[in-house]
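This briefing reviews selected residues of one protein chain. Please consult the sequence and the structure shown here before reading on.

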Amino acid sequence: MPLKTWVGLILCNMVWALNPVMGKWVLLDFSPPQGAWLRYFLALLGYGALVPILRKSREFKGHKFYFNPKSGTERALIWTLAFMTFCYSPLTQMVGLASSHATENSLIIAMEPLMTVALAWIFLGERLGLKMVLIFSLALSGFGFLSDLLPWKGGLAFEGHIRGNVILLLSLLGEASYSVLSRKLMRKHEATEIFGSALLLGVVLLTFSVLFLQGTAIFHPAFFISTLTFKSLFGLIWLGPIGTTLSYLYWMVALKSNQIAGLALTLFIQPVLGAFFGRMFLGEKLELRQGFGAGLILAAVVIFIWAEIRSTKSGLKV
């Protein structure tokens with residue numbers, strides 16, 4: 001992989017590592033549904049502004065950026081993809097983050113590649129070997145310690161960061177579904193078409209969801225301007241145009257010309273830096289038991305990446 005690609009991927013993961021902190025800043029002024037809608041609405045605006053520029057670039061020359069589904073199967077796939085990735089996932093992420101900590105969020109998000117493999121097993125029938133089952137079990141054990149679910153003490157108060165972390169774990173189903181659901185669409189459509197269409201439809205669904213949950217208040221400019229502060233504005237710009245539009249597009253370009261195993265190596269940066277940023281900007285600290293859980297999650301991710309690299313070289317699946 002070229003050095004400039006490595007640098008770009010590292011920068012992407014550094015951006016994503018700050019997302020939980022930025023999310024906390026947004027939640028200082030807005031409710032979770034409002035914060036989720038603002039993030040992806042701004043991401044859509046950023047995407048729309050970039051399209052004319054990208055059409056002239058070498059990397060995206062001749063690409064399409066939206067598509068009109070031609071069959072019932074395509075319509076079902078793109079609407080499901082839009083709902084899961086750009087409606088369900090942002091809503092649950094923000095709700096979970098509101099009750100949890102940015103540091104724990106960063107570590108839980110590290111489990112996304114494992115969740116993708118699990119969904120591929122459930123919905124695509126891909127083989128799930130014993131090694132993958134053990135890796136996933138290790139990660140879930142780490143999640144249990146991180147969230148104070150382990151060791152089991154009998155009874156469970158589903159509140160505080162326990163509730164938040166469980167919701168964050170469930171939110172990964174939305175992010176992971178993007179890789180799984182887009183596979184069939186990628187046979188006929190480019191990644192930019194799928195991303196643009198899913199983002200547009202997802203914001204439509206997210207808009208109706210926020211209207212149902214919160215009413216019309218957030219759509220009044222006076223409410224938005226009076227509520228906004230420098231921290232939440234910076235957080236929204238970081239999460240939307242930078243943390244979603246630019247970084248996702250770069251990742252797709254890198255994915256097109258490089259092996260997934262090589263890209264996966266850079267994902268390890270995200271939870272490590274995310275924990276550091278949580279401590280640096282929010283003063284968050286992990287207790288010893290939670291630190292042990294974080295170590296188990298990171299170990300599971302490292303083993304998974306190592307297994308993916310080995311399977312890529314040998315032509316076998318984990």
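Predicted model: local features only at pLDDT ≥ 70, side-chain atom pairs only at ≥ 80, totals over all residues.

In which helix is Ser106 placed? Ser106 belongs to helix H4, which covers residues 102–109.

**Ser106**
- Ser106 has a relative accessible area of 3%, and because buried denotes a value under 20%, Ser106 is classed as buried.
- Beyond its neighbours within four places in sequence, Ser106 makes contact with Ala17 and Pro20 as well as with Gln270, Pro271, Gly274 and Ala275.

**Leu91**
- Leu91 lies in helix H3, formed by residues 72–99.
- The relative accessibility of Leu91 is 14%, so this residue counts as buried, the limit being under 20%.
- When residues up to four places away in sequence are set aside, the contacts of Leu91 are Pro33, Ala36, Leu206 and Ser209.
- Leu91 and Tyr250 stand 159 residues apart along the chain, and 24 Å separates their C-alpha atoms.

**Asp148**
- Asp148 is situated in the loop that links helix H6 (130–146) and helix H7 (160–185).
- With a relative accessible area of 26%, Asp148 is partly exposed, a class that runs between the buried limit of 20% and the exposed limit of 50%.
- The phi angle of Asp148 is near 65°, which is a positive value in a residue other than glycine.
- As a general rule, most residues other than glycine have a negative phi.

Methods:
Residues numbered from 1 in each chain as written. Heavy atoms only, no water. Helix = DSSP H or I, 4+ residues; strand = E, 2+ residues; numbered from the N terminus. Buried < 20%, exposed > 50% of the residue type's maximum accessible area, 1.4 Å probe, protein only. Contact = heavy atoms within 4.5 Å.
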